[in-house]
Amino acid sequence: MPTILEKIVATKREEIAAAKARVSEEARALLPRCDPPVRRSLAWVLGQFGGEANLVAIHEAAATTEDNDDLREMAMALA
């Protein structure tokens, strides 16, 4: 039987996973249409969270940018 601490940790993990999913969804929606400095930050966040959908979104955004700094930062987010 799990202890109270184990139950709290499990609940917090679920809350964190749900928050990451919400942030990822919003970031993926904004990524293609925001200014390069914001796009770089969003790509970094998505790269940190990982997951196939996030990495695909970064790859797609990188394929459409004409800004070399933007492209470099998105490549680093994929690394």
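This is a predicted model: local features need pLDDT of at least 70, side-chain atom pairs count only at pLDDT 80 or more; totals for chains, interfaces and linings use all residues.

**Helix packing**

Residues are numbered from 1 along each chain as its sequence is written, and side-chain values use heavy atoms, with hydrogens and water left out.

Helix α2 covers residues 36-49 and helix α4 residues 68-78. Their packing angle is about 10°, and the axes are 8 Å apart. Axes here are lines fitted to C-alpha atoms, for helices over the stretch in contact, and angles run from 0 to 180 degrees between N-to-C directions. Helices are DSSP runs (H or I, at least four residues), numbered from the N terminus.

Next I listed the contact (heavy atoms within 4.5 Å). From α2 come Pro-36, Arg-39, Arg-40, Ala-43, Trp-44 and Gly-47. From α4 come Asp-69, Asp-70, Glu-73, Met-74 and Ala-77. By class I have five nonpolar, one polar and five charged residues. The classes are nonpolar for Ala, Val, Leu, Ile, Met, Phe, Trp, Tyr, Cys and Pro, charged for Asp, Glu, Lys and Arg, and polar for the others, Gly among them.

Which residues of α4 are buried? I found Asp-70, Met-74 and Ala-77; buried means under 20% relative accessible area, exposed over 50%, partly exposed in between (1.4 Å probe, protein chains only). Seen down the axis, they fall within an arc of 50°, so they line one face of α4. The arc is taken from the directions from the helix axis to the C-beta atoms. Asn-68 and Met-76 are exposed on the other side. The cover over the buried residues of α4 includes α2 and α3.

I then turned to α3. Its buried residues are Asn-54, Ala-57, Ile-58, Ala-61 and Ala-62. They sit within an arc of 135° down the axis of α3, so they too line one face. An α-helix has 3.6 residues a turn, so residues three or four places apart point the same way. Glu-52, His-59, Ala-63 and Thr-64 are exposed on the face turned away. Cover for the buried residues of α3 includes α1 (4-30), α2 and α4.

**Two single residues**

Arg-40 lies in helix α2. Arg-40 is partly exposed, at a relative accessible area of 22%. Leaving out residues up to four places away in sequence, Arg-40 touches Asp-67, Asp-69, Asp-70 and Glu-73.

Thr-65 is in the loop between α3 and α4. Is Thr-65 buried or exposed? At 16% relative accessibility, Thr-65 counts as buried. With residues up to four places away not counted, Thr-65 touches Arg-39, Asp-70, Leu-71 and Met-74.

How values were computed: Helices (H or I, at least four residues) and strands (E, at least two) are DSSP runs, numbered from the N terminus.
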